[in-house]
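Please look over the sequence and the structure shown below before reading on.

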Amino acid sequence: MLVEATGLTKSFGHTRVLDGVDLSAAEGEVLALLGPNGAGRTTTVRILSTLTRPDAGTVHIAGVDVVREPIRARALSSLTGQAAAVDDRQIGRENLVMMGRLAHLGRREARRRADDLLARFDLTSAADRQVETWSGGMRRRIDLAMSLVGGPRVLFLDEPTTGLDPRSGRPTGWPTAWSWSTTAG
């Protein structure tokens, strides 16, 4: 399994949020966490992506224990949170190139990757404008694109459709299996 979690539990104070969650996903699979508000979806995603430690249980990404080796686990995965995490003062291309450089890509490769993702997410025409001038949906799309710059093996999406219009639900050139409507939560 590419992602495997067993017996995850997590409490905040006296409130148990997760109680023995088991899940797994193989290479190429899409796993959706569905449930009402407060069901623990975000807490689960935060544990899987190394941002929160479970009280009990284990999580492995490509065989790497996310609690014992969080840096190695982070190198294999990427996370797009509920809110867009972009630098409003930079232009769109700069945001993507910056992420590429942070992912240890060379300058040329970071620029190439940025241009590829701008095209795939239908953002080329806005690439040289400051992000603060972009619509909410455009900001969400670049945030999603930023998660792909480093070529992660696993992509965690928390509320991935927030701010996207129906046409933007699946960026150009993406496999049908990655349709945002199937990965909600």
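## Overall composition

How many helices and strands does the secondary structure of the chain come to? The chain holds five helices and six strands, where helices (H or I, at least four residues) and strands (E, at least two) are DSSP runs numbered from the N terminus. Read from the N terminus on, the elements follow the order β-β-α-β-β-α-β-α-α-α-β.

This is a predicted model, in which local features need pLDDT of at least 70, side-chain atom pairs count only at pLDDT 80 or more, and totals for chains, interfaces and linings use all residues. Residues are numbered from 1 along each chain as its sequence is written, and side-chain values use heavy atoms, with hydrogens and water left out.

## Surface and contacts

The chain has 185 residues, and buried residues make up 42% of them. Buried means under 20% relative accessible area, exposed means over 50%, and partly exposed lies in between (1.4 Å probe, protein chains only). The accessible surface of the chain comes to about 9,900 Å², and 50% of this surface belongs to carbon and sulfur atoms. These areas come from the Shrake-Rupley method with a 1.4 Å probe; for residues, only the protein chains shown count as cover.

A contact is defined by heavy atoms within 4.5 Å. Among the contacts in the chain with a separation of 6 or more, 59% are between residues 24 or more positions apart.

## The four-stranded sheet

Four strands form an open sheet in the order β2-β1-β3-β4, with antiparallel pairing. β2 and β4 (64-65) stand at the edges with a single partner strand each, so one side of each has no neighbour in the sheet. Two strands are taken to pair if DSSP finds at least two bridges between them.

Strand β1 (residues 3-12) pairs with strand β2 (residues 15-25) over eight bridges in the antiparallel sense, and Ala-5 stands opposite Leu-23 in β2. The two strands make a hairpin with two residues between them, and Gly-13 in the turn has a positive phi of about 65 degrees. Strand β3 (residues 56-61) is joined to β4 by two bridges, and these strands run antiparallel. Here Ile-61 stands opposite Val-64 in β4.

## Salt bridges

Side chains of opposite charge can pair when their charged atoms come close. How many salt bridges does a search of the whole structure find? The search finds eleven, a salt bridge being a side-chain nitrogen of Lys or Arg within 4 Å of a carboxyl oxygen of Asp or Glu. One of them joins Arg-16 and Asp-19, with the closest N and O atoms 3.2 Å apart. Arg-16 is partly exposed at 49% relative accessible area, whereas Asp-19 is exposed at 60%.

Another salt bridge joins the side chains of Glu-27 and Arg-153 (2.7 Å, N to O). This pair links distant parts of the chain, 126 residues apart: Glu-27 is in the loop between β2 and α1 (41-48), and Arg-153 is in the loop between α5 and β6 (154-157). Asp-115 and Arg-93 also form a salt bridge, their closest N and O atoms being 2.8 Å apart. Asp-115 belongs to helix α4 (residues 107-120) and Arg-93 to helix α3 (residues 92-102), so the pair ties together parts that are 22 residues apart in sequence. Salt bridges that share partners join Arg-93, Asp-115 and Asp-128 into one network.

## Nonpolar cores

A nonpolar core is a set of buried Ala, Val, Leu, Ile, Met, Phe, Trp, Tyr and Cys residues joined through side-chain atoms within 4.5 Å. The largest core has 22 residues, of which Leu-96, Leu-117, Phe-121, Leu-123, Trp-134 and Ile-142 touch the most other members. At least two residues of this core come from each of α3, α4 and α5, and α5 supplies the largest share, six residues. Leaving aside neighbours within four places in sequence, Leu-117 is in contact with Leu-96, Ala-145, Leu-148 and Val-149. A second, separate core has 19 residues, including Val-3, Leu-8, Leu-18 and Val-64.

## A buried serine

Not counting residues up to four places away in sequence, Ser-147 touches Ser-78, Leu-79, Thr-80, Pro-152 and Leu-155.
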